[in-house]
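I opened the notebook to look up charged side chains. These are my entries, in the order I made them.

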Amino acid sequence: MNNNTSCTQNNTSDTTKFTQQYLASVKKIIETPLSERIHPQWFEALKPIIPEIEKMEQFVLDEISQGYEILPEFKNILRAFTYPLNDVKVLIVGQDPYPTPHDAIGLSFSVSSNSRIPKSLRNIFKELEADLHTLPADSGDLTPWCNQGVCLLNRVLTVRAHNANSHANKGWEHITQFAIEVLNNRQNTQHSALPLVAILWGNKAQELEPYLSNAYIIKSAHPSPLSASRGFFNSQPFSNANKALATMNATPINWQLPSSCLL
């Protein structure tokens with residue numbers, strides 16, 4: 001056996017071993033009750049569609065079993081539902097996760113702190129800086145927004161690596177539509193709708209407008225380089241969201257992300 005053949009066999013063995021280990025970790029997550037994996041408020045609200053969520057998790061498991069790399073990491077697929085439901089004040093809808101490995105973290109438009117900033121997010125940051133004169137963010141991790149009540153939710157929660165929209169029309173859309181209706185229908189103790197601003201970028205996101213009857217809607221073109229110049233730039237979504245929250249007597253969002261320029 002020559003050295004090249006030996007290296008190929010070793011690489012195949014390592015890949016198989018990794019896949020088996022990852023499958024085992026995914027199965028362990030699935031065996032953990034959903035009530036322990038998402039916020040209790042979301043768990044109660046999503047009870048009617050738990051069978052659908054379980055079906056989609058099995059679908060993802062099957063995809064991984066077939067050798068596909070699925071993004072984001074399984075533990076992050078439902079990450080948008082790990083934050084308190086009743087704290088959500090702003091909804092930003094995305095399409096599906098970034099298909100580049102290590103980018104997607106389960107939050108629409110957000111990437112890991114170690115990732116290069118994708119073009120759509122770069123345009124979002126350009127508009128943010130023009131709108132509110134914020135300082136440049138150190139990374140594309142939008143978690144600080146989630147901690148203030150911004151729900152970053154994709155319509156489709158998973159994707160095959162390097163294959164955008166590969167999990168469209170598999171079942172996620174009904175789950176996320178249901179979640180968005182839950183957000184829209186929340187009420188306080190006086191039976192009034194809780195404050196909600198929905199930021200809908202692009203046609204796909206704007207298809208959800210009929211399910212957001214209690215929300216203040218902000219819509220424009222998508223921040224993708226293909227469409228940003230056709231109505232996304234200069235749309236001022238961040239300042240307009242805060243103005244709308246003020247009319248609802250809700251605390252505005254501090255859109256400034258961590259920046260070394262603040263030091």
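I took a salt bridge to be a side-chain nitrogen of Lys or Arg within 4 Å of a carboxyl oxygen of Asp or Glu. I called a residue buried under 20% relative accessible area, exposed over 50%, and partly exposed in between (1.4 Å probe, protein chains only). The model is predicted, so local features need pLDDT of at least 70 and side-chain atom pairs pLDDT 80 or more, while totals for chains, interfaces and linings use all residues. Residues are numbered from 1 along each chain as its sequence is written, and side-chain values use heavy atoms, without hydrogens and water.

Entry one: Arg-79. I found Arg-79 in the loop between β1 (70-71) and β2 (90-94); strands are DSSP runs of E, at least two residues, and helices are runs of H or I, at least four, numbered from the N terminus. Arg-79 is buried but has no salt bridge. The nearest side chain of opposite charge is Asp-141, 4.9 Å away; Lys and Arg count as positive, Asp and Glu as negative, with His and the chain ends not counted.

Entry two: salt bridges. How many does a search of the whole structure find? I noted 4 salt bridges. One of them joins Glu-63 and Arg-160 at 2.7 Å, N to O. This pair links helix α3 (residues 50-65) to strand β4 (residues 159-160), 97 residues apart. Glu-63 is buried at 5% relative accessibility, whereas Arg-160 is partly exposed at 21%.

The side chain of Lys-47 meets Glu-44 in a salt bridge of 3.3 Å, N to O. Lys-47 is partly exposed at 42%, and Glu-44 is partly exposed at 49%.
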